[in-house]
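Below is a briefing on one protein chain. The points are grouped by topic and follow the structure shown here.

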Amino acid sequence: MHSLYERFYKGQIDFFDACDEYEQKYKEKITVPFPANAYVDLGKRYYQSGLDALERFSDLPDNLEILEIEGKISITIKDIPFIGFADLILRDKEKDEIIVIDHKSKSKFASATEQKKYARQLYLYSLYVKEKYGKYPSQLVFNMFRVGKIVKIPFNQKDLDEAVQWFVDTVSDIYMDLDFFDKIYLEYQNTGKDIAKFNQQDFFCNTLCSVREYCERSKSE
């Protein structure tokens, strides 16, 4: 979906091409089965919601100008190198304001706290916007494309400062952690349950992990 959004807004494909490519290449790109659900076929739901999102594609309003699409961000935050890729950066020509947009397949945020955590990434991107364009974005936007919902977050300095502090603290924690343990294993082991049974039941290990075919924990091994 990110690739289709990128090429659509770059003018490399049109609405019809995007829909056709999605239908033709979906099975090629989505190779991991969806988890079983008693109420709905998640595979069919996600496929259809992606197609519905493409059918809602439209050109941007005349007042919005594209500044960057999937642009690489490379800056230094508190002496720490930071690299990211902004899905879409726009400028409102009428208001002379900048908007940072992130495409999300989530249908919603579970809480205001979760939304704030996701917004940290866009707040860090806003440092790049300030550095390159001379001003912070006025809005941080999540395009929840699977459900056709737009979540707008007005930029504020307090949340930017908190995002920067979170970034610095996280990097510091990583450098201080000299021993790396299998935390899932340890947490399960502490319950006194049979770890061999856990190996056969764990969804991540058996379905998502990229080395599941080689790892002794996975039943695929």
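## Overall picture

Of the 221 residues in the protein chain, 36% count as buried, where buried means under 20% relative accessible area, exposed over 50%, and partly exposed in between (1.4 Å probe, protein chains only). The model is predicted: local features need pLDDT of at least 70, side-chain atom pairs count only at pLDDT 80 or more, and totals for chains, interfaces and linings use all residues. Residues are numbered from 1 along each chain as its sequence is written, and side-chain values use heavy atoms, with hydrogens and water left out.

**Chain and surface**

- The protein chain holds eight helices and five strands; helices (H or I, at least four residues) and strands (E, at least two) are DSSP runs numbered from the N terminus.
- Read from the N terminus, the order of elements is α-α-α-β-β-β-α-β-β-α-α-α-α.
- Along the principal axes, the C-alpha atoms of the protein chain fill a box of roughly 65 × 45 × 30 Å.
- Contacts between residues at least 6 apart in sequence join residues at least 24 apart in 56% of cases, a contact being heavy atoms within 4.5 Å.
- The protein chain has an accessible surface of about 14,300 Å², and 50% of it belongs to carbon and sulfur atoms; accessible areas come from the Shrake-Rupley method with a 1.4 Å probe, and for residues only the protein chains shown count as cover.

**The sheet**

- Five strands make up an open sheet, ordered E1-E2-E3-E4-E5, with mixed pairing; two strands pair if DSSP finds at least two bridges between them.
- Strand E1 (64-77) and strand E5 (149-154) are the edge strands, each pairing on one side only.
- From one strand to the next, the twist averages 30°; axes are lines fitted to C-alpha atoms, for helices over the stretch in contact, and angles run from 0 to 180 degrees between N-to-C directions.
- Strand E3 (residues 97-104) and strand E4 (residues 139-144) run parallel and are joined by six bridges.
- Within this pairing, Val100 stands opposite Leu140 in E4, and Ile101 has Val141 in E4 as its bridge partner.
- Strand E4 is largely enclosed by the rest of the structure, because five of its six residues are buried.

**Helices on the sheet**

- Helix H1 (residues 2-9) packs on the sheet and touches E1, strand E2 (80-92), E3 and E4; the direction of H1 makes about 125° with that of E1.
- Helix H4 (residues 112-133) lies across E1, E2, E3, E4 and E5, and runs at about 95° to E1.

**Salt bridges**

- The whole structure contains eleven salt bridges, each defined as a side-chain nitrogen of Lys or Arg within 4 Å of a carboxyl oxygen of Asp or Glu.
- Lys132 and Glu68 meet through their side chains in a salt bridge (3.2 Å, N to O).
- This pair links distant parts of the chain, with Lys132 in helix H4 and Glu68 in strand E1, 64 residues apart.
- Lys132 counts as partly exposed because its relative accessibility is 48%, whereas Glu68, at 9%, counts as buried.
- Lys116 and Asp159 form a salt bridge whose closest N and O atoms are 3.6 Å apart.
- Here too the pair links distant parts of the chain: Lys116 lies in helix H4 and Asp159 in helix H5 (residues 157-176), 43 residues apart.
- Lys116 is partly exposed, with a relative accessible area of 40%, while Asp159 counts as buried at 18% relative accessibility.
- In the salt bridge between Lys104 and Asp102, the closest N and O atoms are 2.4 Å apart.
- Lys104 is buried, its relative accessible area being 13%, and Asp102 is buried with a value of 3%.
- A network of salt bridges links Glu65, Arg91, Asp96 and Lys135.

- Phe203 lies in helix H8 (residues 203-208) and counts as partly exposed at 35% relative accessibility.
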